[in-house]
Amino acid sequence: MSTGNMNLTLKVWRQKNNKAKGNLVDYKMSEISPDMSFLEMFDVLNEQLINKGEEPIVFDHDCREGICGACSMYINGRPHGPKEGITTCQLHMRSFQDGDTIVVEPWRAKAFPVIKDLAVDRTAFDRIIAAGGFISVNTGNAQDANALPIPKFQADSAFEAAACIGCGACVATCKNASAMLFTSAKISQLAQLPQGQPERYRRVQSMVAQMDAEGFGNCTNTGACEAECPKGISLENIARMNRDFYSAKFVSEEEV
Amino acid sequence: MASFGNAFSSSIGKKLIMGITGLFLILFLIVHCFINALIFVNDGGLTFNIGAHFMATNWLIRASEVILMVGLLLHIIQGLRLTFQNQAARPEKYAVYDGKANSKWYSRSMGLLGTLLLIFLIVHLSNFWVVSRFTGIPTEDANGHEDLFAVMKETFQNVWLVVLYVLAMGSLLYHLLHGFASAFQTLGWNHKKYTPLIKAIGVWYSIIIAVVFAAMPIAMYAGFIN
């Protein structure tokens with residue numbers, strides 16, 4: 001199927017299961033089209049492996065258009081590869097040179113254990129959301145859209161935080177494997193809107209407690225997460241989460 | 001009764017302790033640097049010794065010194081704990097990790113820079129603080145003040161100590177370059193109107209403090225100051 005002219009050497013992390021010890025395995029790829037996406041190149045490789053009777057490489061993917069947050073490869077030392085503002089599925093082979101060696105590893109963090117090969121278990125993020133990343137509403141008819149006036153500036157800011165797709169690139173690239181950018185985005189998207197206010201201080205405490213319980217590291221403000229985030233989530237969200245956390249712990253009289 | 005709960009043991013609380021103690025140490029460095037810069041008056045240390053005498057005898061300063069020591073210890077202990085905890089959060093390291101693509105090397109090396117500063121501090125405190133507070137300064141100057149200037153002069157005749165001090169100020173420069181703005185971010189002070197200013201002040205503060213401190217042992221060793 002491939003009709004290109006790129007020759008590449010891939011070094012891919014292979015690991016049988018969560019318990020097994022993994023290692024990098026070399027694969028020579030030839031006639032790769034520069035117009036292929038990175039994942040399509042992996043599809044080609046997997047087809048070749050299947051034809052040879054070998055076990056294909058397991059990797060996460062779903063929408064392949066940069067909105068689901070499933071793909072998760074650590075490519076040449078960076079999450080989602082060398083380009084900014086995109087996920088691995090949006091990365092194309094034209095971003096590499098003919099003859100390149102490309103090292104592909106899974107997200108590495110204690111809180112993201114490897115399931116197999118390049119797929120890691122990111123349910124820690126789900127548990128952080130479940131701890132408080134929601135609003136409680138009464139059932140019934142939807143409210144009129146303009147019933148609650150929200151300033152444009154604030155709505156935009158909340159929306160920017162809501163752009164987080166939960167891929168985990170922030171954790172993967174952080175030298176401390178900290179989940180603060182993710183957690184702060186999920187807190188910020190609700191903290192800036194009127195619907196998020198009733199549970200605002202409860203939410204920040206519960207979600208931060210869950211984040212800590214999952215075994216993520218502590219943030220040291222290196223800013224790597226913001227630089228590598230495919231959705232450009234800002235460090236401002238972490239500062240907002242910190243402020244809300246202090247308000248909850250030192251100002252509010254409610255205990256969580 | 002309501003309590004603060006896990007306010008200080010949570011990941012954000014631990015950052016808060018680093019940020020507050022860090023800012024306190026940043027304030028201390030301004031005072032320390034100003035008093036020490038009095039050696040550049042170049043009057044045989046008379047002015048400097050007045051400053052040193054005031055710092056050693058004023059009760060408010062002495063009380064602050066206790067807070068300073070507690071803050072310093074907290075900053076060191078918490079910093080070391082955080083460094084080890086954060087290393088444990090990634091048990092299996094990456095084969096290839098391109099840190100320079102997304103962050104500054106000194107932002108990623110605060111534990112190392114801090115450890116170098118800790119080693120320096122042990123030497124530094126035994127050079128001066130232990131002498132001025134405990135074992136006693138042997139001579140007096142023309143004003144009858146303890147001659148800390150003479151102790152300084154003698155210490156910086158040792159070329160190895162001069163090298164150590166200058167290298168340590170290099171570590172301090174990079175530690176502050178990250179630490180200054182980072183402390184404000186941790187306190188939640190990230191604001192489109194203030195953050196650019198905070199970052200600019202942080203850079204200038206770090207450079208001025210490190211350069212002025214490093215100039216002292218060099219000037220004394222070279223004999224520019226008598």
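Tutor: Two strands count as paired if DSSP finds at least two bridges between them. Strands of a sheet pair through backbone hydrogen bonds, either parallel or antiparallel. The model here is predicted. In chain A, five strands make up an open sheet, and their order across it is β2-β1-β5-β3-β4. The pairing in this sheet is mixed. Its edge strands are β2 (23-32) and β4 (78-79) of chain A, each of which pairs on one side only. The partner of β2(A) is strand β1 (residues 6-14) of chain A; eight bridges join β1(A) and β2(A) in the antiparallel sense. Thr9(A), for instance, has Lys28(A) in β2(A) as its bridge partner.

Now to chain B. In chain B, helix α5 (residues 110-135) packs with α7(B): their axes come within 9 Å and cross at roughly 140°. That angle is why α5(B) is described as oblique to α7(B). The crossing of these two helices, α5(B) and α7(B), is left-handed. The residues of this contact divide into ten nonpolar, four polar and no charged. Among those on the α5(B) side are Leu113(B), Leu117(B) and Phe120(B), while the α7(B) side includes Leu164(B), Leu172(B) and His175(B).

The two chains also meet: 37 residues of chain B are in contact with 41 residues of chain A. On the chain B side, α1 (11-36), α3 (59-88), α4 (105-108) and α7 (159-186) each supply at least two residues. That side of chain B holds 15 nonpolar, 16 polar and six charged residues.

Notes
Residues numbered from 1 in each chain as written. Chains lettered and ligands numbered in written order. Predicted model: local features only at pLDDT ≥ 70, side-chain atom pairs only at ≥ 80, totals over all residues. Contact = placed C-beta atoms within 7 Å. Helix = DSSP H or I, 4+ residues; strand = E, 2+ residues; numbered from the N terminus. Nonpolar A, V, L, I, M, F, W, Y, C, P; charged D, E, K, R; others polar. Axes fitted to C-alpha atoms, helices over the stretch in contact; angles between N-to-C directions. Parallel < 35°, antiparallel > 145°, perpendicular 65-115°, else oblique. Left-handed = near helix turned anticlockwise from the far one by under 90°.
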